[in-house]
Amino acid sequence: MACESALPAIMDEQALMGLNPNADACYRQRALAYFEQLKESLDGWEVCAEALAKGVYSDDHVKFFCFQVLEHQIKNRHGALTAGQQQLIRETLMKWLQAQLMNVHPEKPFIRNKAAQVLALTFVMEYLTLWPKFFFDILSLVGLNPNGVDIYLRTLMAIDAEVVDRDVLHSPEETRRNTLIKDTMREQCIPALVESWFQILQTYQHTHSELTCQCLEVVGAYVSWIDLNLIANDRFVNLLLSHMSMEELREEACDCLFEIVNKGMEPVDKTKLVESLCQVLQSAGFFNIEQEEDVDFLAKFSRLVNGMGQSLVLSWTKLSKTGDVKLSAETLRAVEAKVPLMLQLLIHEDDDISANIVAFCYDYLHVLKQLPGLSEQQKSSVEGIMLAVMNKLKYDDEYNFENEGEDEAMFVEYRKQLKMLLDRLAQVSPELLLDAVHRVFSATMQNWQTVPFMEVEVAIRLLYMMGEALPASHGAHFSGDVTKTSTLQSMMRTLVSSGVSEYQHSSVTLEFFETVVRYDKFFLVEPQHIPSVLMAFLDHRGLRHSSPKVRSRVSYLFSRFVKTLHKHMNAFIEDVLGRIQDLLELAPPENGFPAPLSSDDQLFMFETAGVLIVNGESPAERKQALMRSLLTPLMEAFQMLLAKLPREEGEERQAELADCLSHAVGFASRTSKAFSNKQTVKQCGCSEVYLDCLQTFLPALSCPVQRGPLRSAVRSFLHRMIICLEEEVLPFIPAASQHMLKDCEPRDLQEFIPLISQITAKFKNQVSPFLQEVFMPLVMAIFEVLSRPAEENDQTAALEKQMLRRSYFSFLQIVASSGMNEIMASQGAENIERVLFTIIQGAVDFPDPVAQKTCFIILSRLVELWGGKDGLVGFPDFIYKHIVPACFMAPLKPTFDLSDAQTVLTLSECTLTLHMIHLKRGPECIQFLQEYLPSLQVSPEITQELCQVLQQPDVKVLKNYMKVFFQQAKL
């Protein structure tokens, strides 16, 4: 074998050919196998070490491969290596490093990064024990050689990733080791490292910007945990400031200063640091940002100012809590001094620069909110922030509304940040904000025809935002505080009467409708505006708009508008229904034209139509006629498509038809949302129409193709009809159930069980005969599906089974708690026993606390019903053989995690089951426990104690005791 140490140190050349990304698959396969072979071989890695040390290979992929093999050894086998082998690794790395110093052409970055990772791993493994002079060895070797310095800096960043980076999850063991490494470094080598950084920065600042930037990144990474005085001193800060004026270094220097400012410190020291830094930056002219044209640098600078501002606010908060009035006042003055610069950055035309200062802005407003009153200067700052926010909320010309990409998504995100500022402004000074918005809104609306779209959109947007910024209970913005009410009312009046809904830009149109619906309560106060807004919804501005995006959103907003204001629409109901009739048609799949609305949008239209019909003041006959004319076309289309479906041969075509059929059922179902219960359906005379729908839709359950989607649609319709028609649905249930239990998949069953549960809970004894008939077939269908074999790693199948189990237990819980236990009792001894065993199994064997909790609730209820003197024959026996042991076996399982909230709830139900057994069986239960508990290795004292606690009346005491009991038992 090519990697045995007895043979010369040569590698399998043919396997190495497969490392090239362009190699044939068979070579790549061989390379992979060779890699595994070298990793697993005890000394095969030495071939790689030698190849690296002697520079045998020039191919980059082979070098990278050798480092990977070495990395695997250090990561996974370091402890098992002999002292000689560990020494070999150190020598290999140092020889490789030495070779880099002479290289005219440095290695590719990906090789240098991998080498740095391997050096860092070796450092982590050996620094505290075998290689305490790690840094001194490297520094004395590389000196100021640029190739060597590059590897040194990359290694420092790799060490930071291994030891310091807080985003990496470490085990407690690793965390202890990392703390020890940092402590040792602070004691032994940090001053020398800092000195090396200074020398590198000074030496290469003018000649090698890449190395200088790397070094600045290292300083920024390490400053969070080393002594700050080593960095925050005149010579270092002056050096960093000089870098701030160099084009290639300034961004990295800015980031480095940001890390220095962000270091955790005592508030007084932090304020001093920030203030001294500000002073130097200001006197060096960095605060004159209007003269700065480099937006990338300004974005970094904005982040730095944000860090300084937030640090000062944090210092002020801490000092205010300690009650140090003088120092907190000084810090507040320092915060205030940064506000003019903050405003300049916030209003900057580049959104990245503005976004980077938002957090400081937000924190500053939070400070103002806590002050007893605002000075004139502070009020002026608040107004400055308001104007900046109002300005920055505007879209720019480049925003692509029809095809929103990454830039658009970033602007939407930025707008959310500005909205948070606006909400905070409203908390600081609601009057100022409302006044400012009113001014902007009125000025824009006066001549909206000649104003660019972004200004009109933002004016309406600001009015919309007031709805959330100025709190009102249940959207009651038009009652209470007179100033707020009259201002908002006046703006809404202007919005709906100014004609701005005619503006020819989709963003303005959408904002108009969003705002009308946000303030729908306005129309309760001034209902005279309803007709004109209804027209806007119905014509080219709304549902007939040229943009599908606008039509889609308006269909939803229209349904919201109608739901709130239907009482004021009686005069227009039939006119509105006539105008939307073509939007209520089922789009057949073979029609090549794009429908004006998607099926999801049509759901809102059907719901709206239902709300208008049901809540109108017409007599019941008229309502019935309107509802019939709404639903009959759906039923006719359904019958025609259902007849077509089995004759279709192509799978895709079948799926399209089934989709269309499902939509028809969904639309009919959605119209019923207008009814709250059977009473309202009867009053409108609509029961008959929905019964006709039921008769039309139910045959779909026996369709031989596309079972899944059709069953799902009909099932949802049945759920609605149980609420709307109540017992009138019952005659349809047995046949429907029979079809739904035929050849079912786990998901079919899982969705069918809630339907049966809903029927059981609602009708109880009325459905007793039906339930007795369907109970065992349903249970057997569930057993059959659960017993189907599934592949070990099939997560989807496992999850489906888990959900089915939960649904099954929920169904049993409803049967038991609805007083329907007789249904279970009358299934015959063998069947009862099977069902009972599944409940015990669910309580103990499956580590699913949701299902386990349900199982214990069922057991507790069955004990209550059947556990007494005149209970079910043989049940007391079952209690002692199975239920009591389950109450102990389940919590003792290793998977029963008492630190998980859901599991604690399960334990609570388990305890209540024990409590119920004691209530029903009395001293006999105590006697059984005294015999049973010793078999679990419970001491006589604890057994006695548990029995005493069980006998006292307070369940809470028992729950607490049982939790401690199982915690102790698991130690």
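A definition to begin with: two rings of Phe, Tyr or Trp, with the six-membered ring used for Trp, count as a pair if their centres lie within 6.5 Å. Keep in mind that this is a predicted model. Searching the whole structure on that basis gives 48 aromatic pairs.

Take F837 and F878 as one of them. Their ring centres are 5.7 Å apart, with 65° between the planes. Planes over 60 degrees apart count as edge-to-face, and this pair is therefore edge-to-face. F837 sits in helix α41, residues 829-844, and F878 in helix α43, residues 875-892. The two residues are 41 apart, and the pair links distant parts of the chain.

F878 is buried, at 9%.

Staying with α43, the next pair is Y880 with F928. The ring centres are 4.8 Å apart and the planes meet at 35°, so this pair is tilted. Y880 belongs to helix α43 and F928 to helix α45, so the pair ties together parts 48 residues apart in sequence. Y880 counts as buried because its relative accessibility is 13%, and the cut-off for buried is under 20%.

Ring pairs also join up into a cluster, made of F478, F512, F513, Y519, F522, F523, F537, F558 and F561.

Now the core. The largest nonpolar core has 338 residues. Which residues have the most contacts inside it? They are M185, W197, F301 and F888. Helix α38, residues 768-786, gives the most to this core, with twelve residues.

To look at F301 in particular: leaving out residues up to four places away in sequence, F301 touches M244, C254, F286, F287, I289 and L341.

Last item, back to α45. Helix α44 covers residues 901-921 and helix α45 covers residues 923-932. Their axes come within 6 Å and cross at roughly 125°.

Which residues make the contact? From α44 there are I917, H918 and R921, and from α45 there are P923, E924, C925 and I926. Sorted by class, that contact has four nonpolar residues, one polar and two charged.

That is my last slide.

Terms used
Residues numbered from 1 in each chain as written. Predicted model: local features only at pLDDT ≥ 70, side-chain atom pairs only at ≥ 80, totals over all residues. Heavy atoms only, no water. Axes fitted to C-alpha atoms, helices over the stretch in contact; angles between N-to-C directions. Helix = DSSP H or I, 4+ residues; strand = E, 2+ residues; numbered from the N terminus. Contact = heavy atoms within 4.5 Å. Nonpolar A, V, L, I, M, F, W, Y, C, P; charged D, E, K, R; others polar. Core = buried A, V, L, I, M, F, W, Y, C linked by side-chain atoms within 4.5 Å. Buried < 20%, exposed > 50% of the residue type's maximum accessible area, 1.4 Å probe, protein only. Phe/Tyr/Trp six-rings, centres within 6.5 Å; stacked < 30°, edge-to-face > 60°.
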